[in-house]
Amino acid sequence: MQAVVRHTLPNGLLVLLKEDHSAPIISHWVWYRVGSRDEVPGKTGISHWVEHMQFKGTRKYPAGVLDKAVSREGGFWNAFTYLDWTTYFETMPAHKIELALQLEADRMENSLFDQNEVESERTVIISERQGNENEPMFRLSEEVQAAAFRVHNYHHEVIGDMADLLTIQREELYEHYRSYYRPNNAVIAVAGDFKLEWMLDQIASLYAAVSPGKTPARFVRLEPAQQGERRVVVEGPGETTFIRIVYKAPAASDPEFFPLMVLDSLLSGATNLDFFGQGISNKTSRLYRALVEGELAVSIHGGLQATIDPFLHTFTAVVHPQSSADEVVRTLDEVIARTQDEPPEPEELKRAVKQAHALFAYGNERITNQAFWLGFSEMFSDYSWHEQYLARLEAVTPADVQRAAQVYLRPQNRVLGLYLPKGAGARAEA
Amino acid sequence: MSQRSHKQLPLHSLPSQENILRQEFSNGMVVLARSNPNSGSLIVSGNLLAGGLLDPEDKLGLADFTAAGLMRGTQRRSFQEIYDTLESLGASLGFSAGTHLLSFSGKALVEDLDTLLTLLAEALRYPAFPGEQIERLRAQLLTSLSIRAQSTGEMASLAFDQLVYRNHPYRRPEEGYPETVQEIRQEDLAEFHARHYGPGRMLIAIVGGLDPQLAVEKIGAAFGDWTNPLQSAPPELPPLTPLTEISTRHVDVPGKSQADLIIGTAGPPRLSPDYMAASLGNHVLGRFGMMGRLGEALREKAGLAYYAGSSLNSGLGPGPWEASAGVDPENIDRAVELILAEIRRFVNEPVSRDELADSQANYIGRLPISLESNGGIASAILSLERHQLGLDYYLRFPDLVNAVTPQQVQEVAGRYLNPDRLAIASAGSGERG
């Protein structure tokens with residue numbers, strides 16, 4: 001594996017570079033340390049809206065020019081806003097990468113946030129939220145997350161509450177942009193077919209004139225320990241009952257994160273932390289065997305996410321039409337109790353590690369995914385987190401897994417959410 | 001200033017007869033192998049002609065059910081044994097049925113190829129369809145269908161197919177309907193397998209960190225002795241009766257915030273001489289940049305929709321050519337007007353030279369990215385073989401793309417997308433007049 005170069009420019013911009021000449025492609029990502037965790041009530045969804053506005057043009061690249069320029073060269077690009085971060089990427093044929101470097105440097109400080117564009121984007125984002133609301137799992141997940149976090153800003157969805165999407169104004173968006181979009185609050189990650197010195201020179205010269213700002217303080221109100229199970233019910237159309245159970249989980253930088261990853265793998269199958277990756281099936285996991293083979297549920301999935309502050313270990317089940325939510329929860333509790341009562345077999349741990357190895361190999365096929373990890377890991381830890389990931393999973397012992405189950409997967413530490421269907425299915429008009 | 005000497009597309013790295021090993025076996029199977037020395041893993045994927053077109057009318061969903069049943073137990077292993085073997089390796093293997101094809105795809109570390117091929121061969125050749133597992137699977141499929149009934153996107157798509165393909169088998173959903181899935185018996189699965197699964201016209205591609213010759217030998221060992229004299233050729237597609245007017249259908253799905261809208265008709269098959277002009281034209285209409293002209297009109301200008309674009313699904317037959325958008329139910333009429341206006345413009349005026357040149361540049365420039373991963377290469381070479389495009393297709397591709405003119409795009413647009421003869425399907429809460 002190629003070494004990763006890590007370099008900080010005088011204005012505070014952190015740059016991570018990785019040469020990989022396996023394909024004539026370069027993937028370039030710019031990460032900002034801002035996400036929904038930095039939003040207060042009245043401004044929920046503002047980070048995501050700012051991300052949308054970043055596609056609405058600068059003086060140099062007016063609206064509609066950027067996307068055409070990238071597409072013309074055969075590149076693909078996108079942006080994502082999440083709990084802890086906002087990121088923009090372009091994956092381009094290697095000899096066209098200068099365009100991506102220039103446009104990201106430009107929109108770090110020169111986006112226009114035109115008033116008309118802000119209004120047009122308001123309805124686009126409301127439409128995005130309405131599309132999400134069509135999904136029972138979104139409705140349930142939003143309520144469960146809100147119940148899990150009473151104090152911490154992880155409590156609201158990244159897209160924001162409708163009340164705020166209706167009222168946020170241009171000046172607030174622009175101020176959010178100018179506060180957080182600074183070189184000293186950003187990470188550039190590039191992987192692919194280039195020479196390190198050349199790439200570093202390009203980035204240094206493009207960003208030389210971008211002035212640093214006051215490093216924004218990250219808004220944190222730590223969530224107090226939960227003192228008992230919370231329950232949430234959402235009612236909606238359909239014929240299917242959904243269950244979402246979430247336990248407070250450790251932050252990615254916490255050593256306890258790794259035993260919990262192994263536990264997750266045993267309970268509900270290997271979680272793929274890659275952004276674009278596909279997972280593998282989970283049909284031999286303990287919960288699948290008990291719930292799906294037991295005909296209580298038609299599917300069960302679980303997972304953890306790498307976050308700055310403690311977030312959630314989630315389990316989602318679709319209830320079998322002949323079963324009930326109560327039966328699913330009772331059986332899930334029995335399966336979890338077993339992981340608390342006795343340590344897993346060493347074979348099960350070995351398997352979880354092999355699965356993680358395989359997922360790594362699949363992920364490494366794509367330059368885009370390699371560049372993603374360079375920056376993503378810096379958002380909650382640093383790149384060594386990624387480099388040491390497999391070794392840290394290998395070091396987990398059966399006793400570690402048992403302890404993680406005892407500490408984290410307690411009913412007092414969870415929110416139990418149910419989506420209860422009301423009403424009949426769709427009918428077609430003649 | 002540039003870091004690189006080659007400004008041109010590096011043709012030598014694209015899949016071609018130079019680097020794909022192709023072998024036909026006497027039982028009719030064709031194997032294609034390509035090495036990707038940078039990869040520690042591999043993918044084995046393929047397809048055979050055992051899709052939903054073969055479903056009896058009262059058992060729609062049979063091909064899909066059969067495909068999903070292959071991994072539920074074989075004559076040698078139980079469901080749990082199959083997945084225990086697979087998941088212990090961090091490998092994956094799955095099957096799915098489309099309209100024409102049964103497709104499969106498996107992934108593993110290079111060192112685990114033998115096990116992956118053993119499981120693939122057992123599932124394809126010796127499935128057992130055990131009764132208990134089949135009933136469990138049925139409950140899962142029926143639940144998926146109740147979830148489908150709640151999806152505005154899927155319900156609009158079903159309605160669209162019923163309008164465009166009213167006298168054609170493409171109107172039938174591969175997953176069937178609850179009442180047809182209820183009708184399917186265990187012996188139907190076994191019989192469907194016996195009659196339609198076999199090595200005749202089966203394609204297998206293998207791509208990854210291994211020697212192509214060795215890969216072909218291993219696949220030959222797993223499938224070379226497979227024969228099935230009962231395997232029958234799929235039926236010829238009947239001709240499609242074109243729409244003669246605007247034809248509209250709305251599905252009421254109560255309690256939904258957003259409605260989905262699909263407007264379009266049938267497009268050219270992949271092998272039609274119209275394909276490349278239609279594909280590039282479609283890219284201008286609803287894909288290039290931020291979803292082409294449709295994205296510009298509905299999302300960027302009108303702020304009406306989070307997504308609005310178009311797709312051309314050319315396959316072995318006349319797949320749909322459709323524009324789609326997700327909008328507030330109150331805005332359906334406005335969205336219909338805007339989409340129809342763009343389709344009219346697309347048919348009445350040639351696209352500009354610049355617009356076409358942009359899409360042409362995108363088609364050629366994106367090749368290295370779309371062909372980066374093992375999976376991307378495997379699906380590309382399977383498509384070359386299934387559609388008989390020739391293994392040198394990507395070498396000829398830039399010329400094929402650049403030969404298309406704005407006039408050709410307009411001719412092809414007019415041939416398929418008559419603005420007075422389109423299907424307009426929508427699904428969302430409330431009724432429409």
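This is a guided tour of a predicted model, one selection at a time. Residues are numbered from 1 along each chain as its sequence is written, and chains are lettered from A and ligands numbered from 1 in the order in which they are written. Local features need pLDDT of at least 70, side-chain atom pairs count only at pLDDT 80 or more, and totals for chains, interfaces and linings use all residues.

Select chain B. It holds 16 helices and 11 strands (DSSP runs numbered from the N terminus: H or I of at least four residues for helices, E of at least two for strands). The C-alpha trace spans about 60 × 60 × 35 Å along its principal axes. A compact globule of 433 residues would have a radius of gyration near 22 Å; chain B has 23 Å, which agrees (taken over C-alpha atoms; the rule is 2.2 Å times the number of residues to the power 0.38). Of the 433 residues, 53% are buried (20 or more other C-beta atoms within 10 Å of the residue's own; exposed means 12 or fewer, partly exposed in between; C-beta atoms are placed from the backbone).

**Helix 7 of chain B**

Now select residues 186–196 of chain B, which form helix 7. B:Leu189, B:Phe192, B:His193 and B:His196 are buried here. Look down the axis: the buried residues of helix 7 fall within an arc of 100°, so they line one face (the arc is that of the directions from the helix axis to the C-beta atoms). On the face turned away, find the exposed B:Glu187 and B:Ala194.

**The nonpolar core**

Next, show A:Leu291, A:Ala297, B:Leu261 and B:Ala335. They have the most contacts inside the largest nonpolar core, which has 252 residues (buried Ala, Val, Leu, Ile, Met, Phe, Trp, Tyr and Cys joined through C-beta atoms within 7 Å). Centre on A:Ala297. Beyond four places in sequence, its contacts include A:Leu291, A:Val319 and A:His320 (contact means C-beta atoms, placed from the backbone, within 7 Å).

**Two domains of chain A**

Colour 4–207 as domain 1 and 230–421 as domain 2 of chain A (bounds come from an automatic or database domain assignment). Their C-alpha centres lie 28 Å apart.

Definitions and conventions:
Contact = placed C-beta atoms within 7 Å.
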